[in-house]
Amino acid sequence: MTAATGTPAPPSGTPVPPSGTPAPPPRLRDFYEDPAVPVASGAARTLRQARMLARALGPVRPDGPPATVLDIGCGDGSAAATAARLLAGHRIVGVDWSQDALRRAGPRIPHLVRGELTDGGLPFTTAGADAVLFSEVVEHLVDPDAALEELHRVLRPGGHLLLSTPNLAAWYNRALLLAGVQPVFSEVSLRWIHGRPGSRVVGHLRLYTPRALKEFVTACGFEVVTVAGAPFHGVPGPLRPLDRALCRLPSLASILLVHARRV
């Protein structure tokens, strides 16, 4: 959230065209395969989400099989690794279509599958998963409706969806909008930062308020159990205590955590 000064440098890997020549439009697939694009999530958000999932699943039953948890869009595997410490005995499978992300996740997740939410769907049977972690993914999708439908397909009836995404209505975004400044997390370009604090393009295409997110998840066939808040690791140091305190109010929190169940 540190305001950029001067003319921003292009993201790593972005070709610099000759003067007066427009750069070719970047493809989303190329953008997310760029090793310079961050694929890790904040530790505080990851831990809170893992605790929500642990409470939802409970311990492994002596007379039953372990739960199968799919971490869809696992990135570097940090979220799954945190969840694994709280889900002893359960089986966690990391899923991503980025080869670079899977390479980075390898040391953290024993089970990895390359798959994506479009072009045929995920390589899993219908109703075969007990829970899905969907961490900081939905804001990057062109077609989030189709993605939630696919998650609904792979989850068993009553299965758990743990979704997290930035909050468009975060406390600082409300102040920025009043000042006429582009909100944090929002992006108008895949090449540059325009009109908002920050210095890194991360490819956000969709942003949600708590109300919109609840309505969206419900419309996709889920029952929302709870909505909680989490802090954002990019908040400047002096403001982090306030950001953590406001997590008690999901409507103002930086990150939204949703626990829903497949109807």
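Analyst: Here is a run through the labels, each set against its cut-off.

User: Before that, what kind of model is this, and how are the residues numbered?

Analyst: It's a predicted model, with residues numbered from 1 along each chain as its sequence is written; local features need pLDDT of at least 70, and side-chain atom pairs count only at pLDDT 80 or more. Totals for chains, interfaces and linings use all residues, and side-chain values use heavy atoms, with hydrogens and water left out.

User: How do you know how confident the predictor is?

Analyst: You read that off pLDDT, the predictor's confidence in each residue, from 0 to 100. The chain average is 88, and 84% of the residues score at least 70. Residues 1-18 stay under 50. For that stretch the model has 28 contacts beyond four places in sequence, where contact means heavy atoms within 4.5 Å.

User: How many helices and strands are there, and what makes a stretch count as one?

Analyst: Eight helices and seven strands.

User: What makes a set of residues a nonpolar core?

Analyst: The members have to be buried Ala, Val, Leu, Ile, Met, Phe, Trp, Tyr or Cys, joined through side-chain atoms within 4.5 Å. The largest such set has 30 residues, and Leu53, Leu57, Val69, Leu87 and Tyr172 touch the most other members. Elements giving at least two residues each include α2 (43-57), β4 (129-135) and β7 (255-262). The largest share, five residues, is from α2. Another core lies apart from it, with 28 residues, including Ile72, Leu161, Cys220 and Val258.

User: How do you know which way the buried side of α7 faces?

Analyst: Pro210, Leu213, Phe216 and Val217 are buried in α7. Looking down the helix axis, the buried residues fall within an arc of 130° (taken from the directions from the axis to the C-beta atoms), so they line one face. An α-helix has 3.6 residues a turn, so residues three or four places apart point the same way. The face turned away carries the exposed Arg211, Glu215 and Ala219. Cover for the buried residues of α7 includes α5, β5 (155-166), β6 (222-230) and β7.

User: What makes β7 "largely enclosed"?

Analyst: Seven of its eight residues are buried, so β7 is largely enclosed by the rest of the structure.

User: And how do you know which strands pair with β7?

Analyst: Two strands pair if DSSP finds at least two bridges between them. β5 and β7 are joined by seven bridges and run antiparallel, with Leu256 as the partner of Thr165. β6 and β7 have eight bridges, and they run antiparallel too; there, Ala230 stands opposite Ile255.

User: Last one: what makes Glu136 and Phe185 stand out in their phi values?

Analyst: Most residues other than glycine have a negative phi. Glu136 isn't a glycine, yet its phi is positive, about 55°. Phe185, another residue other than glycine, has a positive phi near 85°. Glu136 lies in the loop between β4 and α5 (144-154), and at 18% relative accessible area it's buried. Phe185 lies in the loop between α6 and α7, and at 5% Phe185 is buried too.

Definitions and conventions:
Buried < 20%, exposed > 50% of the residue type's maximum accessible area, 1.4 Å probe, protein only. Helix = DSSP H or I, 4+ residues; strand = E, 2+ residues; numbered from the N terminus.
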